Amino acid sequence: MELPPPGSGVAADPIIQQVIDAATPRDLPATDEALLLGQGRSAWLAETARYTQVRIQAATARRDPGAGAVVQLVWAGADPAGTFVDGRPATIHFAQNGDGTWARTS
């Protein structure tokens, strides 16, 4: 499947999600994956609070060979100067605590 061209808008987001899902197989329990996706999305929206028109276009949560898990995001938004760009990548790392919860490490 081919990625849609930049500027394709919200309609392209499901296609982007399908492409990144196909690129790496799921390797986390479904409950951990859902929790990490939620935490990753929330963390990234907080990181981009100075931006406008922010949306997460797609996201995956996978095991991180180094330790823990990594959430990969593709997002769109207008920077503080007003320049809108979609297809922006972001990566957030998590470590699993002894009680099974996840904590952001970067």
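Me: Why is W75 called buried?
Reply: This is a predicted model, and every value here is computed from it. W75 has a relative accessible area of 4%. Buried means under 20%, so W75 counts as buried.

Me: What makes Y51 and W75 an aromatic pair, and why is the pair called edge-to-face?
Reply: Their ring centres are 5.3 Å apart. Rings pair if the centres lie within 6.5 Å, so Y51 and W75 qualify. The angle between the planes is 75°. Over 60 degrees counts as edge-to-face, so that label applies here.

Me: Which parts of the chain does the pair of Y51 and W75 tie together?
Reply: Y51 lies in the loop between α2 and β1, and W75 in strand β2. The parts are 24 residues apart in sequence, so the pair ties them together.

Me: How many aromatic pairs does the whole structure hold?
Reply: A search finds 2. One of them joins W44 and W75, with ring centres 5.7 Å apart and planes at 65°. The angle is over 60 degrees, so this pair is edge-to-face.

Me: Where do W44 and W75 lie?
Reply: W44 lies in helix α2 and W75 in strand β2, residues 69-78. The pair therefore ties together parts that are 31 residues apart in sequence. W44, Y51 and W75 form one aromatic cluster.

Me: Is W44 buried or exposed?
Reply: Buried. Its relative accessible area is 15%, and the cut-off is under 20%. W44 touches I56, L73, W75, A90 and I92, leaving aside residues up to four places away in sequence.

Me: Why does T48 count as buried?
Reply: T48 has 3% relative accessibility, which is under 20%, so it counts as buried. T48 is found in the loop between α2 (30-47) and β1 (52-63). Its contacts are V54 and W75, not counting residues up to four places away in sequence.

Me: Now the charges. How many salt bridges does the structure hold?
Reply: It holds 5. One of them is formed by D21 and R62, whose closest N and O atoms are 3.8 Å apart. The cut-off is within 4 Å, so the pair counts. D21 lies in helix α1 (residues 13-23) and R62 in strand β1, so the pair ties together parts that are 41 residues apart in sequence.

Me: What makes R62 and E33 a salt bridge?
Reply: The N to O distance is 3.3 Å. The limit is 4 Å, so the contact counts as a salt bridge. R62 lies in strand β1 and E33 in helix α2, so the pair ties together parts that are 29 residues apart in sequence.

Me: Which residues do the salt bridges that share partners join into one network?
Reply: D21, R26, E33 and R62.

How values were computed. Residues are numbered from 1 along each chain as its sequence is written. This is a predicted model: local features need pLDDT of at least 70, side-chain atom pairs count only at pLDDT 80 or more; totals for chains, interfaces and linings use all residues. Side-chain values use heavy atoms; hydrogens and water are left out. Helices (H or I, at least four residues) and strands (E, at least two) are DSSP runs, numbered from the N terminus. Buried means under 20% relative accessible area, exposed over 50%, partly exposed in between (1.4 Å probe, protein chains only). Contact means heavy atoms within 4.5 Å. Rings of Phe, Tyr and Trp (its six-membered ring) pair if their centres lie within 6.5 Å; planes under 30 degrees apart count as stacked, over 60 as edge-to-face and the rest as tilted. A salt bridge is a side-chain nitrogen of Lys or Arg within 4 Å of a carboxyl oxygen of Asp or Glu.
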